Amino acid sequence: RDEGDKVRLTMKQRYQWDITLDHALEKECLVSDFGLIVDMFIHLGIQISVQTEKYRTTWQLENCEIVYDENPWLDPYFEIEWPDEEAIREVCEKLGCDWDTRRSESARVLYSEKYGEHARSQEIITFAHNPFII
């Protein structure tokens, strides 16, 4: 992710498509050069199948990070990242979100719903710029 003032490399692993609050693994680190990382992946044999550019705005509330994402070809949505379910429920209540309408899916699932099963099978590499999915 090229965020303007820093470049962040993020690995996300979903254990199943219909994830719950405890079924995702995410690891991040700062890197010095976005283009160099892309070149390294290509040299390792990792092929870019889809490349997108999205816009992201991030806020902090309590122990939660609230992210507003605008992905190409999808409706904008909020994502809330949390340390535990209790914290996210509290933040949702403060924001007036209906807990029963939450979704716990990645953007890949949203693309699949909108554009068919083929979109789910593609690796999606997202480039985020900083300028209600839980």
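Is D69 buried or exposed? The model I am showing is a predicted one.

D69 sits in strand β4. Its relative accessibility is 0%, so D69 counts as buried; the cut-off for that term is under 20%. The side chain of this aspartate has a polar partner: it makes a polar contact of 3.3 Å with the side chain of K54. If we set aside neighbours within four places in sequence, the residues in contact with D69 are K54, Y55, R56, P76, Y77 and E79. Across the sheet, the residue opposite D69 is Y77, in β5.

Now the whole chain, briefly. It has 134 residues, and 29% of them count as buried. The accessible surface is about 8,800 Å², with 50% of it belonging to carbon and sulfur atoms. There are six strands and four helices, and from the N terminus the order is β-β-α-β-β-β-α-α-α-β.

Back to β4 and its two partners. On one side, β4 pairs with β3, antiparallel, through seven bridges. These two strands make a hairpin with two residues between them, and E62 in that turn has a positive phi of about 55°. Within this pairing, W59 stands opposite I66 of β4.

The other partner is β5, again antiparallel, with five bridges to β4. Here the hairpin has six residues between the strands, and W73 takes a positive phi near 70°. The loop between β4, residues 64-70, and β5, residues 77-81, also holds N71. With a relative accessibility of 6%, N71 counts as buried. The side chain of N71 is joined to the side chain of Y77 by a polar contact of 3.0 Å.

Which residues make up the largest nonpolar core? There are eight: C64, I66, I80, A87, I88, V91, C92 and W99. Two elements, β4 and α2, residues 85-95, each give two or more residues to this core. The largest contribution is from α2, with four residues.

Neighbours within four places in sequence aside, I66 is in contact with T57, T58, W59, L61, F78, E79, I80, V91 and L95. Among these, I80 and V91 are also listed as members of the core.

Turning to helix α2 itself, its buried residues are A87, I88, V91 and C92. Viewed down the helix axis, they fall within an arc of 130°, so they line one face of α2. What lies over that face? The cover on the buried residues of α2 includes β3, β4 and β5, with β3 spanning residues 51-61. On the other side of the helix, E86, E93 and K94 are exposed. After α2 comes G96, which has a positive phi near 80°.

One more helix before I stop. In α3, residues 107-115, the buried residues are R108, V109, L110, Y111 and S112. Just after α3 there is again a glycine with positive phi: G116, at about 100°.

To recap, β4 pairs with β3 through seven bridges and with β5 through five.

Conventions:
Residues are numbered from 1 along each chain as its sequence is written. Side-chain values use heavy atoms; hydrogens and water are left out. Buried means under 20% relative accessible area, exposed over 50%, partly exposed in between (1.4 Å probe, protein chains only). A polar contact is a pair of N or O atoms within 3.5 Å; within protein, one must be able to donate a hydrogen and the other to accept it, and residues adjacent in sequence count only if both atoms are side-chain atoms. A nonpolar core is a set of buried Ala, Val, Leu, Ile, Met, Phe, Trp, Tyr and Cys residues joined through side-chain atoms within 4.5 Å. Contact means heavy atoms within 4.5 Å. Accessible areas come from the Shrake-Rupley method with a 1.4 Å probe; for residues, only the protein chains shown count as cover. The arc is that of the directions from the helix axis to the C-beta atoms. Two strands pair if DSSP finds at least two bridges between them.
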